[in-house]
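Here's a quick tour of a single chain, meant to be read with the viewer open. Have a look around first, then compare notes with the text.

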Amino acid sequence: MLLFVSVSSKAKIKGLEKIDRLFNTYANSSLGMIDPEGIEALCSDLGVDYTDVRILMLAWKLKAEKQGYFTQDEWQTGLKALGVDSLSKLKKALSDLEKEVEKPSNYEDFYTYAFRYCLTEEKQKSVDIESICELLNLVLGVQFRPQIDSLIEYLKVQNDYKVINSDQWINFLRFCKEISFPDLENYDATQAWPLILDNYVEWMREKHS
């Protein structure tokens with residue numbers, strides 16, 4: 001039994017060493033973390049674009065707190081959770097990560113995280129419209145393409161809002177999931193929808209009248 005524990009703990013240590021070696025390949029040694037340049041190099045080696053949604057999913061899995069940076073703790077915890085200790089395994093894990101995020105229990109958490117990840121300044125509570133449009137395209141574009149194209153078009157032409165807060169962001173997902181599109185027949189403005197969506201629906205109805 002003791003021998004088994006010893007072998008098991010040695011394997012764990014070896015696995016952690018491999019995870020750390022991989023971290024050091026991309027880390028900025030003076031910062032002690034993987035910075036935007038390191039993430040770009042990682043993406044290049046993984047054969048994915050740094051704007052690929054799977055990189056955002058990886059950040060979610062690592063519970064990365066700061067956009068464009070992975071700390072050693074985040075890297076270790078995330079890669080252990082993925083069961084990954086090499087670049088080739090990480091490449092394979094990215095497609096599994098997509099499936100994991102698609103589970104309803106995880107999707108809302110990932111969607112909320114995507115907004116938080118864009119809050120790059122201390123005490124920042126909202127994200128500019130241009131970034132929101134990019135983010136909507138990235139995280140909802142595949143599932144809800146017609147709604148997202150239309151919503152992005154509206155966000156770009158309207159002048160009432162320069163930024164979006166987390167409540168509005170959460171309601172964009174709720175809207176896509178609950179409201180029939182493009183007729184919007186079941187949209188009820190007396191329900192607890194944010195004003196920006198009331199305005200969007202009004203714009204849509206005028207456009208198609």
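What follows goes from the overall layout down to a few individual residues.

## The overall picture

First things first: this is a predicted model. The chain has ten helices and four strands, and from the N terminus on they run α-β-α-α-β-α-α-α-β-α-α-β-α-α. Along its principal axes, the C-alpha trace spans about 75 × 40 × 30 Å.

Of the 209 residues in the chain, 44% are buried. If you take the contacts between residues at least 6 apart in sequence, 62% of them join residues at least 24 apart.

## Two domains

The chain splits into domain 1, covering 14-102, and domain 2, covering 120-208. Their C-alpha centres are 30 Å apart. Five residues from domain 1 and four residues from domain 2 make up the contact.

## The nonpolar core

Which residues touch the most other members of the largest nonpolar core? That core has 68 residues, and the ones in question are Trp75, Leu136, Leu155 and Phe172. Helix α3 (residues 53-62) is the top contributor, giving eight residues to this core. Both domain 1 (14-102) and domain 2 (120-208) give residues to the core, so it lies between them. As general background, nonpolar side chains in soluble globular proteins tend to be buried together.

Not counting residues up to four places away in sequence, Phe172 touches Tyr111, Ile132, Leu136, Leu151, Leu155, Ile164, Ile196 and Leu197.

## Helix α5

Helix α5 takes in residues 87-102, which is 16 residues. From its first C-alpha to its last it reaches 23 Å, close to the 22 Å expected at 1.5 Å a residue. The helix does have a bend, of about 30°, at Leu94.

Leu94 is also one of the buried residues of α5, the others being Leu90, Ala93, Leu97, Glu100 and Val101. An α-helix has 3.6 residues a turn, so residues three or four places apart point the same way. What sits over the buried residues of α5? The cover includes α2 (36-46), α3, α4 (72-82) and α6 (104-117).

## Cysteines without partners

How many disulfides does the chain have? The count is zero. Cys43 is in no disulfide, and its nearest cysteine sulfur, that of Cys118, is 15 Å away. A pair of sulfurs has to be within 2.5 Å to qualify. Cys43 is buried, with a relative accessible area of 2%.

Cys118 is in no disulfide either, the nearest cysteine sulfur being that of Cys133, 12 Å away. Cys118 is buried too, at a relative accessible area of 16%, and it is found in the loop between α6 and β3 (126-128). Leaving aside neighbours within four places in sequence, Cys118 is in contact with Gln67, Gln124, Val127 and Leu135. Cys118 and Asp128 are ten residues apart in sequence, and their C-alpha atoms are 9.5 Å apart in space.

Most residues other than glycine have a negative phi, and most peptide bonds are trans. Lys63 has a phi near 55°, a positive value in a residue other than glycine. Lys63 is found in the loop between α3 and β2 (70-71). Is Lys63 buried or exposed? At 63% relative accessibility, Lys63 counts as exposed.

Lys123 has a positive phi as well, near 65°. This lysine is in the loop between α6 and β3, and Lys123 is exposed, with a relative accessible area of 72%. Cys118, found in the loop between α6 and β3, is buried at 16%.

Pro182 has its place in the loop between α9 (166-178) and α10 (195-207).

Note on methods. Residues numbered from 1 in each chain as written. Predicted model: local features only at pLDDT ≥ 70, side-chain atom pairs only at ≥ 80, totals over all residues. Heavy atoms only, no water. Buried < 20%, exposed > 50% of the residue type's maximum accessible area, 1.4 Å probe, protein only. Core = buried A, V, L, I, M, F, W, Y, C linked by side-chain atoms within 4.5 Å. Helix = DSSP H or I, 4+ residues; strand = E, 2+ residues; numbered from the N terminus. Domains from an automatic or database assignment. Contact = heavy atoms within 4.5 Å. Expected span 1.5 Å × (residues − 1). Bend = angle between axes of the 7 residues up to and from the residue.
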